[in-house]
Each structure stands twice: as C-alpha cells, then as structure tokens.
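Welcome! Please take a look at the sequence and the 3D view, and then read through the briefing.

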Amino acid sequence: MIPAQFDYVRAESAEEAISLIGQHGDEAKFIAGGHSLLPLMKLRLAQPSVLVDIGRLSDLSYIREDGDHIAIGAMTRHMDVETSDVLKQHAPLLAHAAGHVGDPQVRHRGTIGGSIAHSDSASDLPATTLAMGATYVAKGPNGTREIAAGDFFEGFLTTALAPDEMLTEIRVPKMNGAGWSFQKFNRRAQDWAIVGVAAWRNGTESGVGLVNMDSVPVLATSVSAAIASGASIEDAAAEAAAQADPTGDLNASVEYRQHLARVLTKRALTIASS
Amino acid sequence: MEVSININGTQQTHDVEPRTLLVQYIREHAGLTGTNIGCDTSSCGACSIHLNGEAVKSCTILAAQADGEEIKTIEGMADADGTLHPMQQAFMENHGLQCGYCTPGMVMAATSLLDENPNPSEEDVRLGLEGNLCRCTGYHNIVKSVLAAASV
Ligand SMILES: Cc1cc2nc3c(=O)[nH]c(=O)nc-3n(C[C@H](O)[C@H](O)[C@H](O)COP(=O)(O)OP(=O)(O)OC[C@H]3O[C@@H](n4cnc5c(N)ncnc54)[C@H](O)[C@@H]3O)c2cc1C
Ligand code: FES
Ligand code: FES
C-alpha cells in the first residue's frame with residue numbers, strides 16, 4: 001500500500017516547520033514518527049499534499065527536571081520515555097505506560113508529541129498524561145502557549161491545537177511518591193487497549209484516566225471525588241464509567257466496556273493505594 | 001527526490017518519489033530482497049531492519065525519513081566470508097525457522113533486543129518480540145534461539 005503523492009520537506013527548526021505549515025495551509029501536515037500518520041496515509045484515509053518532517057528536530061527530544069514537574073520534548077520517542085531514569089523516579093506512571101505502546105519497533109519511532117497531537121482516545125499516553133494533570137506547550141507563528149490537558153482533547157482526533165501550531169513540550173507534575181497503576185486490557189500482543197486505565201493516588205488525592213472509553217480520553221473526576229470524600233475503592237470504582245460515552249465494536253459492546261472500566265479502575269486503585 | 005542512505009556500510013543514493021516507503025527503497029531500489037513485506041500494516045514485523053542501530057518496521061517509514069541515516073538489513077548480518085551472525089547461527093542450531101518468511105525480521109528484532117537487554121529472561125524475549133508474528137507459529141524455538149544467542 002502506497003500513500004497518495006505529496007511533497008516532502010524536512011524542517012531544520014521548529015520555527016521553520018511552523019512557517020512551512022503556514023505557507024502550505026490546510027493541505028500540509030507535520031510528520032514526527034509517522035506511526036499514526038503513515039498507516040492512515042497508506043489506507044488513503046489521510047492525503048496531505050505536503051509533509052513537513054519534524055521527526056529529526058533533536059533539540060525537541062529531551063526529558064528534564066524543572067521544579068515541580070518534568071519537561072518532555074515533543075519529539076521524545078516512546079522508548080526514551082519508557083527507559084528514562086528521571087521519569088522512573090518522578091513520574092513512573094508515564095514511563096510504565098509508554099512501555100505499553102505497541103511493540104519495541106513502534107516505540108523506537110513513535111513520539112510522545114505525535115501520540116498526544118494525534119489524540120486517538122484508544123492511545124495510552126493521552127489518557128495517562130490527562131490523569132496526571134499534564135500541561136502541553138504549543139508553539140505557533142505568534143509565540144508559545146500552555147494548554148491544560150483537561151482543555152486539550154476536543155473531539156474525535158480533534159485537539160485545541162491550531163493547524164499551524166506545533167506541540168513542543170509535555171509537562172507532567174512530579175508524582176511525589178504517589179501510588180500508581182496502569183491497566184491495559186487487550187486480547188492480542190502489541191494491540192491497542194480495548195479499555196485502559198491510568199491511575200495514581202496520594203491519600204485523598206487521585207487521578208484516573210480512561211483509554212478507549214469515549215471519542216476523547218476521559219478524566220474520571222467522579223471517581224476522584226468519591227475517593228476524596230472517603231469512599232471505599234469499590235464504591236469509587238463503581239463511578240468509573242459514569243462520565244464516559246463508549247461505543248461498541250467487534251472487541252467489546254458498550255456494556256462490556258463500562259464493566260471493564262469499573263473492574264480495571266478497581267484494580268488500578270487497589271494497586272495505587274497499597 | 002534524491003535519498004541517500006548508508007545500507008550495510010555502503011552509501012547508496014537513489015532518485016525516488018517522496019512517498020516511497022523505506023521497505024520499497026530497500027527491496028526495489030537497493031535490490032536487497034531479504035527484508036520481507038508481510039502485512040504492510042506495521043503489525044507483523046517481517047520488514048524489521050535496524051535504523052541507526054535500532055529495530056524499526058520499514059513498511060511504516062518513508063525512505064525520505066531515513067535520508068542521511070544508516071540502516072542495516074539481514075544481508076548485512078553475516079561476515080563478508082559468510083560466517084553467520086551469532087543470532088543467525090542460533091536460529092539455525094535451534095530450529096528457529098520453518099518456512100523462513102518471518103526470519104529476517106525476527107533476527108533483526110532479536111539482535112536489537114539483545115543490544116538493549118543483553119541478558120533477557122524468557123519473558124523479556126517474548127515481550128521483546130511481540131511486534132513480530134510467525135505464521136508457522138514456531139515461537140518456542142524462536143525464543144530458544146534468542147536465549148541461546150544471548151548466552152554466546
Ligand atoms: C503497530 C502499531 C501499534 C501501535 N500501538 C499503540 C498502542 O498500543 N498504544 C498507543 O498509544 N499507540 C499505539 N500506536 C501509535 C503510536 O503510539 C504512534 O507512535 C503515536 O500515536 C504517534 O506518534 P508519531 O510520532 O508516530 O506521530 P505521527 O504519525 O508522525 O503524527 C500523528 C499526527 O500528529 C501530528 N503531529 C505529530 N507531531 C506533532 C507535533 N509535535 N505537533 C503538532 N502535531 C503533531 C501529525 O501531523 C499527525 O497528524 C501504535 C502504532 C502502530 C504503528
Ligand atoms: S510488513 Fe511491516 S510490519 Fe508487516
Ligand atoms: S517460520 Fe514461517 S513465518 Fe515464521
């Protein structure tokens with residue numbers, strides 16, 4: 001399967017990439033790792049006429065401590081997130097979740113920025129960073145702005161990014177020793193989650209993100225509210241599907257997805273609380 | 001566009017369309033047909049090669065994305081005198097292949113795995129090869145081969 005024709009330009013800097021996208025308008029797209037975009041282009045579900053390659057902007061590949069959070073460059077690949085000592089120490093939930101993306105070959109290519117910009121609700125990292133209260137940094141022709149994860153995911157594969165804005169950094173708060181768990185339920189190796197749950201807990205505070213439970217990644221605030229008010233894990237987990245509107249498919253009916261969300265949330269909170 | 005890639009130590013330059021996939025570049029332009037295409041949808045791993053030393057699926061990378069980089073294919077694994085790479089030798093000795101279709105991808109993924117984790121457990125090997133499918137389902141001997149290569 002060969003994609004439709006396009007022109008290819010390799011950007012040497014973020015500024016150049018943004019101006020190239022601006023010049024070419026709606027028909028142009030960034031390509032980072034290409035592991036979401038190229039499969040769509042091969043199926044002709046996406047047919048951009050210009051690809052602006054940002055995958056080798058190595059100054060956007062980094063993981064560093066910055067006060068109370070960890071800053072991760074958008075071009076950092078899943079394998080580097082998974083194996084980062086800084087993340088293992090301060091944000092182990094994210095390092096662990098990145099290790100569940102696809103398979104090693106996919107993790108050698110796919111980037112955290114691409115995963116979040118693509119914003120597939122079945123992807124592991126949008127829901128995980130949402131649960132962690134991440135902030136995303138976007139750069140456009142008029143400068144840089146910060147977008148809270150809670151305001152970023154607007155609809156199916158649709159985000160708050162303007163077409164000529166580039167995601168440059170993901171900031172996740174340090175977890176400060178909070179308990180955590182990532183539960184990914186699938187039936188085949190290397191597959192996407194049928195339902196997934198990313199959760200952390202520190203006493204009465206918690207965050208629960210749901211994978212593949214709606215057209216967008218879901219923050220299960222009613223679970224966290226129950227935990228905050230002293231509910232048992234069992235009672236809190238019973239709220240897991242309350243704010244989600246999942247669809248049924250070959251893998252799971254709506255009811256089964258709701259069931260999985262409750263069971264996986266209970267498992268995740270049990271581990272995160274121990 | 002001109003795409004120049006160092007393949008198995010030799011610099012090659014070919015004039016290709018931007019939409020040329022790396023696996024096509026390798027097979028059709030460089031003429032190295034050891035790298036197979038199985039699923040063409042990034043699921044099976046038959047097209048695995050090393051890009052700058054790490055296993056990747058060449059059906060899901062544009063040749064243009066590898067312009068100026070180094071890749072290694074199965075043809076680059078044995079020594080010039082024909083001595084097999086220890087991983088290839090281990091596959092031979094442990095009956096790690098049946099029809100052989102998945103084998104080039106398995107060998108490339110397995111060597112990348114050992115580079116990152118030289119002493120893997122059996123579980124590490126199974127997880128590390130989760131992106132590679134064997135239609136002959138010879139997984140037990142594939143895992144045995146990789147563990148044997150790790151102990152060489
Ligand atoms: C076989 C296979 C299995 C997979 N399994 C999983 C899985 O289990 N879980 C999971 O979460 N993911 C999975 N993925 C997807 C993988 O995580 C992708 O790497 C990731 O979703 C996209 O990252 P990328 O760098 O490849 O983005 P690309 O494909 O390059 O880009 C994706 C989209 O985001 C845009 N974009 C990319 N970077 C930026 C940026 N910095 N700023 C603005 N826009 C940008 C592009 O224009 C494009 O529209 C799988 C992929 C494959 C091929
Ligand atoms: S042909 Fe590339 S993964 Fe199957
Ligand atoms: S040996 Fe036949 S596909 Fe693996």
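What follows is a short tour by topic.

This is a predicted model, in which local features need pLDDT of at least 70 and side-chain atom pairs count only at pLDDT 80 or more, while totals for chains, interfaces and linings use all residues. Residues are numbered from 1 along each chain as its sequence is written, chains are lettered from A and ligands numbered from 1 in the order in which they are written, and side-chain values use heavy atoms, with hydrogens and water left out.

**Chain A as a whole**

- Chain A holds 12 helices and 14 strands; helices (H or I, at least four residues) and strands (E, at least two) are DSSP runs, numbered from the N terminus.
- Along the principal axes, the C-alpha trace of chain A spans about 55 × 45 × 30 Å.
- Of the 274 residues in chain A, 56% are buried. Here buried means under 20% relative accessible area, exposed means over 50%, and partly exposed lies in between (1.4 Å probe, protein chains only).
- Carbon and sulfur atoms account for 47% of the accessible surface of chain A, which is about 11,300 Å²; such areas come from the Shrake-Rupley method with a 1.4 Å probe, and for residues only the protein chains shown count as cover.
- Among contacts in chain A between residues at least 6 apart in sequence, 61% link residues at least 24 apart. A contact means heavy atoms within 4.5 Å.

**A parallel sheet in chain A**

- In chain A, 3 strands make an open, parallel sheet in the order 1-3-2; two strands pair if DSSP finds at least two bridges between them.
- At the edges are strand 1 (7–10) and strand 2 (28–31) of chain A, each pairing on one side only.
- Neighbouring strands of this sheet are turned by 25° against each other on average, direction ignored. Axes are lines fitted to C-alpha atoms, for helices over the stretch in contact, and angles run from 0 to 180 degrees between N-to-C directions.
- Helix 1 (residues 14–24) of chain A packs on the sheet and touches strand 1, strand 2 and strand 3 of chain A. The direction of helix 1 makes about 155° with that of strand 2 of chain A.
- Strand 3 (residues 50–53) of chain A pairs with strand 2 of chain A over 4 bridges, and 4 bridges also join strand 3 to strand 1 of chain A.
- Opposite Leu51(A) in strand 3 stands Tyr8(A), while Asp53(A) in strand 3 has Ile31(A) opposite.
- Strand 3 of chain A is covered on both faces: Val50(A) and Val52(A) are buried on one side, Leu51(A) and Asp53(A) on the other.

**Helix 10 of chain A**

- Ser222(A), Val223(A), Ser224(A), Ala226(A) and Ile227(A) are buried in helix 10 (residues 221–228) of chain A.
- Their cover includes strand 12 (195–202), strand 13 (205–211), helix 11 (233–237) and helix 12 (254–273) of chain A.

**Chain B**

- Chain B has 5 helices and 5 strands, running β-β-α-β-β-β-α-α-α-α from the N terminus on.
- The radius of gyration of chain B is 15 Å, close to the 15 Å that the globule rule gives for 152 residues, so chain B is as compact as a globular protein of that length.
- Of the 152 residues in chain B, 55% are buried.

Definitions and conventions
Rg over C-alpha atoms; globule rule 2.2 N^0.38 Å.
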